[in-house]
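Please look through the following structure, and keep its sequence at hand while reading.

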Amino acid sequence: MADAPSAEAAAANAPVEEPAPAFIDVYAGNELSSEDADAVTLRSPAHLVVFAGASESGKTTALASLYERLSDGPFAGFQFAGSRSLLGFEQICYLNRLASGGADPDTPHTPVSDEAAYYHLALRGTDPGAKRRHVLLSAISGELFRLAKYSREDCERLTFLHRANTIVVLVDGARLAVNAQRTNAQSDASSILESFLDAKMIGSRCRVEFVFSKLDRVVEAGEAAVEFLNTTETKLRTKFGDRVPHLGFRRIAARPEVDQSKVPLNDGLVDAFIAWTTPVAVGAGAAPQNAPPIDAREFAKYGWRHSARRES
Ligand SMILES: Nc1nc2c(ncn2[C@@H]2O[C@H](COP(=O)(O)OP(=O)(O)OP(=O)(O)O)[C@@H](O)[C@H]2O)c(=O)[nH]1
Ligand SMILES: [Mg+2]
């Protein structure tokens, strides 16, 4: 009779329970160049969200606040599952964090450069079995938009916008709150989208949102400022509604400074992030656009090809 298997042998033959895979990939990296972003996109589809807006309109703060919320725990139905641009995020966040500790620092200005910088997020839906998704965020310097307002050539430096799934045009709420500045704030936002449309930079499946930032400032300023914001929304809708297939409006306060007990408000970031990372429905949108400009950089060309594939 064969010997009964020893306890050790039985243990050795028992099915091995695989350790749970490490959930978070950590890459200590600065913000990504176009080539790095291209590499991420070629490996797995990535959803590109571009923040546009006049200088000081709140682009960097919005980006930093989203990263901070995701690093604090589940947010908007997502869990943070890694980033290839952790250092870049940390750089734009550290002053943001100090601010919540009571100091009065500021976010550094988004640098003006020929190339856009990208911040990468790997996200996993909080629903069981949800797949990992990749999101690239980019904020473009207010100065570049100022130049793009006056020059088609500068606008065409922004060809990568064609690759964007979502374009967020920020309307500076702090300027809407001040009588002498509100008309300029409105026209700045309007002319940014105008120049993108003139340069045929908006893909037919691109979600475009005018986002009123610093809502706390508008509400604090009172009825007239809120009324001006509402009128601005109506004007922009009338002006662009027919030309932009997926146009939306939203209000956020990514880093409210006004005393919340005096001006209680929803910062709007959860709904914003869900919308900005949701692709527009398949089948929605107009006919595909012609071809990339001959002198477009590779990433931009890839954007056109990628969009063309999505269109078909
Ligand atoms: N009150 C208030 N201030 C805000 C809010 N969001 C941003 N700010 C402030 O607005 C200022 C400009 O914000 P940034 O995020 O640096 O603006 P930006 O668009 O990146 O500016 P540039 O990089 O210069 O183009 C900073 O002082 C922020 O603290 C908000 O929700 N409420
Ligand atoms: Mg900035």
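Is L136 buried or exposed? L136 is buried, because 24 other C-beta atoms lie within 10 Å, where buried stands for 20 or more such atoms within 10 Å of a residue's own C-beta, exposed for 12 or fewer and partly exposed for anything in between, with C-beta atoms placed from the backbone. The model is a predicted one, in which local features need pLDDT of at least 70 and side-chain atom pairs count only at pLDDT 80 or more, whereas totals for chains, interfaces and linings use all residues. Residues are numbered from 1 along each chain as its sequence is written, while chains are lettered from A and ligands numbered from 1 in the order in which they are written.

**Overall composition and confidence**

- The protein chain holds 12 helices and 9 strands, these being DSSP runs (H or I over at least four residues for helices, E over at least two for strands) that are numbered from the N terminus.
- Of the 312 residues in the protein chain, 40% are buried.
- Among contacts between residues at least 6 apart in sequence, 79% join residues at least 24 apart, a contact being a pair of residues whose C-beta atoms, placed from the backbone, lie within 7 Å.
- The mean pLDDT of the protein chain is 80, and 71% of its residues reach 70 or more; pLDDT is the predictor's confidence in each residue, from 0 to 100.
- Over residues 1–5 pLDDT stays under 50, and the model has 1 contact beyond four places in sequence for them.

- An open sheet is formed by 7 strands in the order 3-5-6-2-7-8-9, with mixed pairing, where two strands pair if DSSP finds at least two bridges between them.
- Strand 3 (78–80) and strand 9 stand at the edges with a single partner strand each, so one side of each is left without a neighbour in the sheet.
- Neighbouring strands of this sheet are turned by 30° against each other on average, direction ignored, with axes taken as lines fitted to C-alpha atoms (for helices over the stretch in contact) and angles running from 0 to 180 degrees between N-to-C directions.
- Strand 2 (residues 46–53) and strand 7 run parallel and are joined by 5 bridges, with V49 standing opposite T166 in strand 7.
- Strand 7 also pairs with strand 8 (residues 207–212) in the parallel sense over 6 bridges; in strand 8, R207 is the bridge partner of T166, and F212 stands opposite V171.

- Strand 7 (residues 166–171) is largely enclosed by the rest of the structure, because 6 of its 6 residues are buried.
- T166, V168 and L170 point one way from strand 7, whereas I167, V169 and V171 point the other way, and all are buried.
- The largest nonpolar core has 69 residues, and those with the most contacts inside it are V50, L63, I167, V168 and V169; such a core is a set of buried Ala, Val, Leu, Ile, Met, Phe, Trp, Tyr and Cys residues joined through C-beta atoms within 7 Å.
- Leaving aside neighbours within four places in sequence, V168 is in contact with V49, V50, F51, A52, E209, V211 and W276.
- Helix 8 (residues 182–198) lies across strand 2, strand 7 and strand 8, and runs at about 160° to strand 7.

**L136 and helix 2**

- L136 belongs to strand 6 (residues 132–139), and its contacts, leaving aside neighbours within four places in sequence, are A37, V40, A46, L48, Y118 and H120.
- In helix 2 (residues 34–43), S34, A37, D38, V40 and T41 are buried. These residues cover an arc of only 160° around the axis, which puts them on the same side of helix 2, the arc being that of the directions from the helix axis to the C-beta atoms.
- E35, L42 and R43, on the other side of helix 2, are exposed.

**Loop residues**

- K214, in the loop between strand 8 and helix 9 (215–221), has a phi near 50°, a positive value in a residue other than glycine, and K214 is buried, with 28 other C-beta atoms within 10 Å.
- A76, in the loop between helix 3 (59–72) and strand 3, has a positive phi near 55° and is partly exposed, with 19 other C-beta atoms within 10 Å.
- Most residues other than glycine have a negative phi.

Notes. Two residues are in contact if their C-beta atoms, placed from the backbone, lie within 7 Å.
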